[in-house]
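Colleague: I would like to learn how to read the features of a protein model. Could you walk me through a case, giving the general idea before each example?

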Amino acid sequence: MRFIAPDKIFTGTEFLKGADIAVFEDDGTFVEFVNVSKIGPTKVEMTGGTLTPGFINAHCHLELSHLHNAIPQQTGLIEFAKGIISTRNKASLETQMEAQVNADKYMRSRGIVAVGDICNTNSSFQLKSASKITYHSFIELIGLDPKRKNDILHYGNILLNEAMNLGIRASFAPHAPYSTSTELIAAISEHDHIRSMPFSIHNQESAEEDKFMSGTQSQFRDLYKFLNLDISWFTPNFKSSLESYKNFLQSKHNILVHNTYTTEEDLALSNSTLFWCTCPRANLYIEGKMPDYATMLKYTQQICFGTDSLASNLDLDLLKDANCFYKETNELTLTLKGLTSIAANALNYGDSFGSFMKGKRTGANIIEVGKNELILKQTLFC
């Protein structure tokens, strides 16, 4: 048994009152909270700081880890996307795999115990099946032409079955409204709903996205020209990209990622099934802009954090992304919930991670709470 005595205990949902010792099995399984008077003083580990459950990265792209520092900053989403397309397959498979292994180890060292990870291939599957981190793999499907829906789903099922055969939990995820037909988004959402799995989509990451989905002139036309794809047939007429697919969402765990340009009108659509995942450092890296957190907080508390990829971030330290939100809002409890219980609920991992639960190995971290910054002091059982 280990008896951890921090200055404060955050359970995943609130700061604990009436107990000051967290009891764990040696392997990290949580047992209970008790008062120090019930424990012999020689057994107690005085850690100081604030004890929290292990962190959960709600949005990552492990497959892009080899592109660290490869794409210029603040060129905008369209130029960033061109950079990814042009460079992601230039590195050897060995180089790509080594970068993924290093990224996985780094996330673990930064107190991350679970990750929602976007996959376009099977390259990360063997790593994930052996990792100490628990991954939910979002098999990302892309295709704007509704006629290709069945072929794309067939390819997705091949990857999905391979992941499941390796013991990796996985579900489908459309890339974004500007790259995925509404017919395909609807089919993906239905598929995830039937399997009680989370759904994830890149949402309103660029101002060009709403332009494209409303049918006005947009730089996304240039992206499709760059890809040599004829989309002259595509004439949407939506108020926003979120409006184009919101009525198709069936899952109880819908993760909308980025939301850099989400308007107040769209935020007003918030409900218990929508989780708003913010990746602020990636947004700054790509667009030089963060979401409007003040407006977001008027409509939702279901906010969690993601690092995005090493192609769009300086590192995969989730706490640094959470600190962007904390510094802007001064919302300590909500920031800690976003790192733990809210992210766990978004990924439908609430019965395993995000809160200290008897008999569960949720990981644990010791952090120091500053005025504008949370600092990781120690990882426990990670």
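Modeller: Let us begin with surface patches: they are made of residues with over 30% relative accessible area and no salt bridge, where like charges are joined within 9 Å and nonpolar side chains (Val, Leu, Ile, Met, Phe, Trp, Tyr) within 5 Å. Accessible areas come from the Shrake-Rupley method with a 1.4 Å probe, and for residues only the protein chains shown count as cover. A salt bridge is a side-chain nitrogen of Lys or Arg within 4 Å of a carboxyl oxygen of Asp or Glu. In this structure, Ile-85, Phe-226, Leu-227 and Leu-229 make a nonpolar surface patch of about 320 Å².

Colleague: What kind of model is this, and how are its residues numbered?

Modeller: It is a predicted model, in which local features need pLDDT of at least 70 and side-chain atom pairs count only at pLDDT 80 or more, while totals for chains, interfaces and linings use all residues. Residues are numbered from 1 along each chain as its sequence is written, and side-chain values use heavy atoms, with hydrogens and water left out.

Colleague: Back to the patch, then. Where is Leu-227 placed, and is Leu-227 buried or partly exposed?

Modeller: Two terms first. Helices (H or I, at least four residues) and strands (E, at least two) are DSSP runs, numbered from the N terminus. Buried means under 20% relative accessible area, exposed over 50%, and partly exposed in between (1.4 Å probe, protein chains only). Leu-227 sits in the loop between helix H7 (220–226) and helix H8 (241–245), and at a relative accessible area of 31% Leu-227 is partly exposed.

Colleague: How do I judge a helix? For instance, what span does helix H2 reach?

Modeller: Compare the helix with its expected span, which is 1.5 Å times one less than its number of residues. Helix H2 (residues 93–109) has 17 residues and reaches 24 Å from its first C-alpha to its last, close to the 24 Å expected. Next, look at which residues are covered: the buried ones in H2 are Gln-96, Ala-99, Gln-100, Ala-103, Asp-104, Met-107 and Arg-108. An α-helix has 3.6 residues a turn, so residues three or four places apart point the same way. The buried residues of H2 pack against strand E7 (55–60), strand E8 (112–119), helix H3 (125–130) and strand E9 (134–141). After H2 comes Gly-111, with a positive phi near 80 degrees.

Colleague: And why is helix H12 described as largely enclosed?

Modeller: Because 9 of the 12 residues of H12 are buried, the rest of the structure largely encloses it. Among them are Leu-318, Phe-325 and Tyr-326. H12 (residues 318–329) reaches 17 Å, close to the 16 Å expected, and just after H12, Asn-330 takes a positive phi of about 60 degrees.

Colleague: What about single residues in strands? Which residues does His-258 touch?

Modeller: Contact means heavy atoms within 4.5 Å. His-258 lies in strand E12 (residues 254–258) and counts as buried at 0% relative accessibility. Not counting residues up to four places away in sequence, His-258 touches residues including His-59, His-202, Glu-205, Cys-277 and Asp-308. A polar contact is a pair of N or O atoms within 3.5 Å; within protein, one must be able to donate a hydrogen and the other to accept it, and residues adjacent in sequence count only if both atoms are side-chain atoms. The side chains of His-258 and Asn-283 are joined by one of 3.0 Å.

Colleague: How many salt bridges does the whole structure hold?

Modeller: A search finds 10. In one of these, Glu-63 pairs with Arg-88, the closest N and O atoms being 3.3 Å apart. Glu-63 lies in the loop between E7 and helix H1 (77–87) and Arg-88 in the loop between H1 and H2, so the pair ties together parts that are 25 residues apart in sequence. Both Glu-63 and Arg-88 are buried. Lys-128 and Asp-117 also meet in a salt bridge (2.7 Å, N to O). Here Lys-128 is in helix H3 and Asp-117 in strand E8, so the pair ties together parts 11 residues apart in sequence. Both Lys-128 and Asp-117 are buried. Salt bridges that share partners also join Arg-281, Asp-315, Lys-320 and Asp-321 into one network.
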